[in-house]
Amino acid sequence: MHLDFGTGDGTYVQRRARLEPSTLVIGVDASAEGLREPSRKAAAKPARGGLANALFGVLPLERAPGELAGLVDSLTVLLPWGSLLRAVALPEADALAQLRGLCKPGAALHIVFGYGPGDPLAVQALPGPAAETRRAELVQAYAAAGFAVAARPTSRAEVGELPTTWAKKLAFSNNEREFVALVGCAQ
């Protein structure tokens, strides 16, 4: 099972479910509003583009892991914002523990987040040597939560390759943003 946390409009879930028909792909988000249309599409008959292996549900991070505790083989958090962004980027120990609670041992983890000028998170990821120190701190915080990760800067082009609506908008916008990727697994 793959879980996309903070799935937004569900584009990533739909694309992954099409590419991996034998994998259950679940998208969760704190907001039900954005999940209505992708849920409707996924529930349609296959001849009309339905995806039997795609599900959507409302799950704010504060209520995780819930019924998904220990079931996830792979987890993505792609370009979050708001409280989910703060949770993964600062990072917040309780929030990381909640994400870890979703995962089986060895579950794959892929998190990508961005920050821009004037964003409070930009202070957390300064350029140059400070960025290397900050990435090392991220790795340590994730390790304390039960994840083994590597942290690296990610280019705008790489972000554009992510199969999400928001990634395309960010990759081709003119705003100055930097991106960080955390890739690894649950211990």
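1. The lining of the largest pocket draws at least two residues from each of strand S1 (2-5), helix H1 (11-19), strand S2 (25-29), helix H3 (82-89) and helix H7 (165-171); helices here are DSSP runs of H or I with at least four residues, strands are runs of E with at least two, and both are numbered from the N terminus. The model is a predicted one, in which local features need pLDDT of at least 70 and side-chain atom pairs count only at pLDDT 80 or more, while totals for chains, interfaces and linings use all residues. Residues are numbered from 1 along each chain as its sequence is written, and side-chain values use heavy atoms, with hydrogens and water left out.

2. The space in this largest pocket comes to about 710 Å³, and its lining consists of 33 residues, with Gly6, Gly8, Asp29, Leu79 and Trp81 lying nearest the centre. A pocket is here an open set of points on a 1 Å grid over the protein atoms alone, where a 1.4 Å probe fits and where protein lies on both sides within 12 Å along at least five of seven lines; lining residues have an atom within 4 Å of a point. Grid points are joined across faces, edges and corners, and the volume is the space filled by probe spheres set on the points. By class, the lining holds 16 nonpolar, 11 polar and 6 charged residues, where Ala, Val, Leu, Ile, Met, Phe, Trp, Tyr, Cys and Pro count as nonpolar, Asp, Glu, Lys and Arg as charged, and the others, Gly among them, as polar.

3. Leu79 sits in the loop between S4 and H3, and its relative accessibility of 4% makes it buried (buried means under 20% relative accessible area, exposed over 50%, and partly exposed in between, with a 1.4 Å probe and protein chains only).

4. In helix H3, which contributes to the pocket lining, the buried residues are Leu84, Leu85, Ala87, Val88 and Ala89. Their cover includes S1, strand S4 (72-78), helix H4 (93-102), strand S5 (103-115), helix H5 (129-144) and strand S7 (178-186).

5. Thr11 belongs to helix H1, and at 12% relative accessibility Thr11 is counted as buried. Beyond residues up to four places away in sequence, Thr11 touches Pro163, Thr164 and Thr165, contact being defined as heavy atoms within 4.5 Å.

6. In helix H4, Leu99 is buried at 1% relative accessibility. Apart from neighbours within four places in sequence, Leu99 is in contact with Phe5, Leu61, Leu75, Val88 and Phe147. Leu99 and Ala64 are 35 residues apart in sequence, and their C-alpha atoms are 6.9 Å apart in space.

7. The peptide bond joining Ala64 and Pro65 is cis, with omega about 5 degrees, and Pro65 is placed in the loop between S3 and S4. The loop between strand S3 (54-58) and S4 also holds Ala69, which counts as partly exposed at 40% relative accessibility. Ala69 is in contact with Gly101 and Leu102, leaving aside its neighbours within four places in sequence, whereas the C-alpha atoms of Ala69 and Arg135, 66 residues apart along the chain, are separated by 28 Å.

8. Arg152 lies in strand S6 (residues 147-154) and, at 36% relative accessibility, is partly exposed. Not counting residues up to four places away in sequence, Arg152 touches Arg135, Glu158, Phe179, Val180 and Ala181.

9. As for the overall fold, the protein has 7 helices and 7 strands, which run β-α-β-α-β-β-α-α-β-α-β-α-α-β from the N terminus on. The radius of gyration is 16 Å, close to the 16 Å that the globule rule gives for 187 residues, so the protein is as compact as a globular protein of that length; the radius is taken over C-alpha atoms, and the rule is 2.2 Å times the number of residues to the power 0.38. Along its principal axes the C-alpha trace spans about 55 × 40 × 25 Å.

10. Buried residues make up 46% of the 187 residues. Among contacts between residues at least 6 apart in sequence, 74% join residues at least 24 apart.
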